[in-house]
Amino acid sequence: MRLKIAVVLLLTAACLAWVLWGLDVGEFLKVFAGARWWWLLPMALLQLGVHAARTRLLQLLIEPRVPYWPFFSLNAISNLAINVVPGRLGELVRPYLLLEQHSIPLGASFAAVFLARLVDVMMLLVLLLSVGLFVDLPAQGIVVGGVDVLTAGQRAGGVVA
């Protein structure tokens, strides 16, 4: 077990070093000093609410049921891995931990993660459609990398709907 923890910590440190390589420390400290720290509390509360809701969604998708608080902790660990490990490979942590800690088969875990990501995509499309319907946008659209993302999102939302 200690070897596993050591390997995970080493991999995490390597990924963080890779991301922070070439960071201009002076510029970072200047931006850090000018931050609006009072935004941290509402942002943290919103993030906690989103995490709680996503944990509940995944809990409902997994059979047999895992108690909420152990699943909340497991979900937090996997979200950390998603944010630290490149290429969203941290998504593999959740099924592994469910297998390791609660004997839930990998197939069921991967299916639950896939369905949760599908719900995420659907919500993003709903938000994109809402922006297109209720917000005044430039006539030329919102072009990113040569693609009008609003039009593309509305078309994708229409197909999904």
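Helices (H or I, at least four residues) and strands (E, at least two) are DSSP runs, numbered from the N terminus. The model is predicted, so local features need pLDDT of at least 70 and side-chain atom pairs count only at pLDDT 80 or more, while totals for chains, interfaces and linings use all residues. Residues are numbered from 1 along each chain as its sequence is written, and side-chain values use heavy atoms, with hydrogens and water left out.

**Figure 1. Val66 in the loop between H3 and H4.** Val66 lies in the loop that links helix H3 (40-61) to H4. This residue is buried, at a relative accessible area of 3%; buried means under 20% relative accessible area, exposed over 50%, and partly exposed in between (1.4 Å probe, protein chains only). Leaving aside residues up to four places away in sequence, Val66 touches Gln59, Phe71, Leu98, His102 and Ile104, where contact means heavy atoms within 4.5 Å. Val66 and Gln101 are 35 residues apart in sequence, and their C-alpha atoms are 9.9 Å apart in space.

**Figure 2. Backbone details in two loops.** Most residues other than glycine have a negative phi, and most peptide bonds are trans. Ser103 belongs to the loop between H5 and H6. The phi of Ser103 is positive, near 55°, in a residue other than glycine. Ser103 is exposed, with a relative accessible area of 61%.

**Figure 3. The largest nonpolar core.** A nonpolar core is a set of buried Ala, Val, Leu, Ile, Met, Phe, Trp, Tyr and Cys residues joined through side-chain atoms within 4.5 Å. The largest one here has 10 residues: Leu58, Ile62, Val66, Phe71, Leu74, Leu97, Leu98, Ile104, Ala112 and Ala116. Two or more residues of this core come from each of helix H4 (68-84), helix H5 (93-102) and helix H6 (106-134). With residues up to four places away in sequence not counted, Ile62 touches Phe71, Leu98, Ile104, Ala108, Ser109 and Ala112.

**Figure 4. Ser109 on helix H6.** Ser109 is found in helix H6 and is buried, with a relative accessible area of 1%. Its contacts, not counting residues up to four places away in sequence, are with Ile62, Pro95, Leu98 and Ile104.

**Figure 5. The packing of H5 against H6.** The axes of these two helices come within 9 Å and cross at roughly 140°. Axes are lines fitted to C-alpha atoms, for helices over the stretch in contact, and angles run from 0 to 180 degrees between N-to-C directions. On the H5 side the contact is made by Arg94, Pro95, Tyr96, Leu98 and Leu99, and on the H6 side by Leu106, Ser109, Phe110, Val113 and Arg117. The residues of this contact divide into seven nonpolar, one polar and two charged; Ala, Val, Leu, Ile, Met, Phe, Trp, Tyr, Cys and Pro count as nonpolar, Asp, Glu, Lys and Arg as charged, and the others, Gly among them, as polar.

**Figure 6. The whole chain for orientation.** The protein has seven helices and two strands, in the order α-α-α-α-α-α-β-β-α from the N terminus on. Of its 161 residues, 21% count as buried. The C-alpha atoms fill a box of roughly 60 × 50 × 30 Å, taken along the principal axes.
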